Structure formats: C-alpha cells, structure tokens
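Dear colleague,

Please find below the structure that I am handing over to you, with its sequence. My notes on it follow.

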Amino acid sequence: MNLFTSKADVVITCPKRLGTYLEQEVTELGFTTGKTFLTGVCTQGTINDCIKLNLNLRCASQVLYSLKKFEARNADEIYEHLVNYAWEDILPDPGYFSITSNVNNPTINNSMFANLRVKDAIVDRLREKRGTRPSTGAALSGAVFNLFWENDAAEVFIDTSGPSLARHGYRKIPGQAPMLEALAAATILATKWDRTSAFVNPMCGSGTIAIEAAMIATNRRPGLFRTNYAFMHLQGYDESVYLQEDALLETQIIDVPGLRIIATDYSERAIENAKKNAVAAGVANLIEFAVCDFADSEVPAGVPGMFYVNPEYGERLGDIRELEETYSRIGDFMKKKCGGYHGYVFTGNLDLAKKIGLKASRRFEFYNSTIDCRLLEYELYSGSRTAPKGEVITN
Ligand SMILES: C[S@@+](CC[C@H](N)C(=O)[O-])C[C@H]1O[C@@H](n2cnc3c(N)ncnc32)[C@H](O)[C@@H]1O
C-alpha cells in the first residue's frame, strides 16, 4: 500500500484554543473536517494531502496520518502490536526516526517508557527484516512516529511535520515576550480585518502580529520559509509532489495595492529586530516601522481600519501600577484617534483590561503559552465616543 496515495484518518493538532481557526483554514484548503476540538481538527487524506496541509496551514502544530488503532492495556501490549507491523514499508534503509507521544494510561507514569517500547518494536522488526538497526534519537530531523494512548485505546500516527508548524520559521530574533506565530495568525483570523484596509500595530515587539498580518493579506504561507519536514524521510517520498506544492506557494502570493501596515514600538532594539524578522519573512516592504510611544503611532485616515495592540500584562506590583496607566491611555487613544476602526487588545490580564474604559463588543479566548488570554474587540465609532450617563463600562 502506498501511503502517499492512500487515504487514512488525519489529525491536525494545534496550540490550545486554535481549533476553530485551524478548522476554517483546513476547510478553505478543500478538506472536509470531522470533529474539531480545542487542540486540533480531524479530517481524512493521503500523505500527499498532508504535504499540502504542512506547507499551507498557519494555525497548526503537527499533521498526523493515522497508521493503526488498537487496544493496549500496558506497554508490553503496545510492543506486541507494533513489532508485527511492516515498518520496512515505511522507513527507508538506512533510516533515522524519533518517537513522540501523548499518553494517559494508568500503568504509565513516564511517557518516555511508552516511547521506548514503540521504538523497540520498530527497531526489532527492522533488524529482523533487514539485518540492520535504524538509528533513533530525540531530534525531530527525520521520520517521526507519534503514539496517542488514552486508557486502553492506542493509535499510532506518522507525524508528517516533525518540528512544530506553529513556529513559522522567519523569526530569527524573538525579542521579549514574543507571541507564537500560529497564535498571532489565529488572533488576526478572529478579527474583522478585511485584509486590505490599514492595519496599525503599536507595541509591535518583534513584529509577529504585523508580519502575520502582511502574510495573511498577501497570501504568503509558512511553507515558504521551511525546507525540512518529516514526510521527506519516509519510504516512497516523491520530491516532485513537494516541489509542485512548494512552487504553488509562490504563485499564490497576491499584491494588495495601497495596503498600509504600520508597526511601532518605543524600543529601538525591538524595531531593529522586527525589521530583521520582516526581511526574513519577505514582507519588509509591506510594513512601515517607527520608533515611538504607541500614542504617537500614525492612524491612516479612511475607514474601516484595524488597531491591534498586545501590551505587556505585568507580573510585579510596580509594573501593574504603570500598566494601569498604559491601558487607560490605550482606551483614550482608541476613542480619540481610531474613530471608525475596529480595535483589538490582546492581553492576559483582565483587571488591566478594565482600565481601557470601553465596553468590548466581543471577547475571544486564547492561551499564550499557559496564560489564559483574551482578544478584546472594540467597535470605535467615528467621532469621540463617551459612555452615555449611567452606562457601566466593564470588560
Ligand atoms: C508584550 S510585548 C509585544 C510582543 C509582540 N506581540 C511580539 O510578538 O513580539 C509589548 C511591547 O510593547 C512595548 N511597549 C510598552 N510600552 C510601550 C509604549 N508606551 N509605547 C510603545 N511601545 C511600548 C514594549 O517595548 C514591548 O515590545
């Protein structure tokens, strides 16, 4: 059976809470989705389909192709099921592979043990069939197999991605508290931005939000920056399929005449780094960078437009007092300077968000790493908007 052309269940994983946005992307690529959950989406496809998914998705972490589902009460049963599988049809000779897992089984308190049993099964089978031992290790630079094992239900996948797709590969200099690229992309997909009107991103840090906005507007896909995927290390890999998908990425880029993306930060170093990251992403000519206080950022005339800011959340008390002032100034700025725009604030501190002093029209739940965060949406009406007497302004 040629896995590159045979359909199987495909599970696409993503950082927690990006499932909805990932589903939207997978559907737009022409796939029919099944179950969508907080950390992923189910669909069906061949490994050639997985190549397309790997190159195009902005919100994904891993594209997993299902090989085998079975019942296993303990790690020895995992071994018994897998030692009889035809791994010689999947791994080239000589080959290198790694094992990853998500394990929740009462007999296992260290998932490394489960990984070891999977690895042993594959190595033993290949040694018996080929007389040679494949090399293995933790670096996800070759073929990768993933074990999902919950209670007695086990499933083994080919991880067609390897290193996470959630990093888009252009960010050479991360700066302080950078947003994960997949998260930045998902937050933009959640907004009302029409991808042609002005996008103003003060406090841009390493530039992730502005760069992702430029990539989304011009249909530049993360695959443009990456040259190694785990699917390339499987038996039967046909480079011409990958090269064709890769070439498509270039031809799909669109020009957006008059697009203005403005990214500012009061830190000179942050802007220097953001510029370098934008160059690596091929979008430096699309972003106007400036060093300034956020309140001095240019807000182009004409509506609608986007104002999107990701201020610090603060961890020490002293910081919080200063940040309360900053959040209050953000509210004033949006009210006075961004009339007719859609305003967005991404924060992990809802108490600070209250200082913005405007009522959010929508809130989107996200995680930034392990921090529970919100993307708050504000409809900023033209002219100065103050709350009518008696209206309680909360977030
Ligand atoms: C949480 S970081 C933004 C991280 C960014 N989203 C990224 O992915 O790199 C907040 C940024 O706000 C900047 N900043 C803080 N106060 C500012 C102010 N008053 N005016 C302009 N920039 C400010 C900091 O220099 C920092 O780069």
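Is Asn 219 buried or exposed? Asn 219 is buried, because its relative accessible area is 18%; buried means under 20% relative accessible area, exposed over 50% and partly exposed in between, with a 1.4 Å probe and protein chains only.

Before the other findings, two notes on the source are needed. This is a predicted model, in which local features need pLDDT of at least 70 and side-chain atom pairs count only at pLDDT 80 or more, while totals for chains, interfaces and linings use all residues. Residues are numbered from 1 along each chain as its sequence is written, and side-chain values use heavy atoms, with hydrogens and water left out.

Overall fold

The protein chain has ten helices and 15 strands; these are DSSP runs numbered from the N terminus, helices being H or I with at least four residues and strands being E with at least two. Of its 395 residues, 52% count as buried. The C-alpha atoms fill a box of roughly 75 × 45 × 40 Å along the principal axes. Among contacts (heavy atoms within 4.5 Å) between residues at least 6 apart in sequence, 76% join residues at least 24 apart.

Helix H6 covers residues 208–217, and ten of its ten residues are buried, so the helix is largely enclosed by the rest of the structure. The cover over these buried residues includes helices H5 (181–190) and H8 (268–280), as well as strands E9 (199–201), E10 (261–265), E11 (287–291) and E12 (306–309).

Another positive phi, near 50°, is found at Asn 151. Asn 151 is in the loop between strand E7 (143–150) and strand E8 (153–159), and at 44% relative accessibility it counts as partly exposed.

The nonpolar core

In soluble globular proteins, nonpolar side chains tend to be buried together. A nonpolar core is a set of buried Ala, Val, Leu, Ile, Met, Phe, Trp, Tyr and Cys residues joined through side-chain atoms within 4.5 Å. The largest one here has 125 residues, of which Trp 87, Phe 145, Ile 287, Tyr 308 and Phe 366 touch the most other members. Leaving out residues up to four places away in sequence, the contacts of Trp 87 include Leu 67, Ile 122, Phe 145 and Val 156.

Ile 78, in helix H3 (residues 75–83), is buried with a relative accessible area of 1%. Its C-alpha atom is separated by 9.8 Å from that of Val 156, which is 78 residues away along the chain. Beyond its neighbours within four places in sequence, Ile 78 is in contact with residues including Phe 70, Val 118 and Trp 149.

An exposed loop residue

Glu 312 lies in the loop between E12 and helix H9 (317–337), and counts as exposed at 53% relative accessibility. Not counting residues up to four places away in sequence, Glu 312 touches Leu 323, Tyr 327 and Leu 352.

Cis peptide bonds

The peptide bond from Asp 93 to Pro 94 is cis, with omega near 0°; Pro 94 is in the loop between H3 and strand E5 (96–104). A cis bond also joins Val 303 and Pro 304, with omega about 0°, and Pro 304 lies in the loop between E11 and E12.

Yours sincerely
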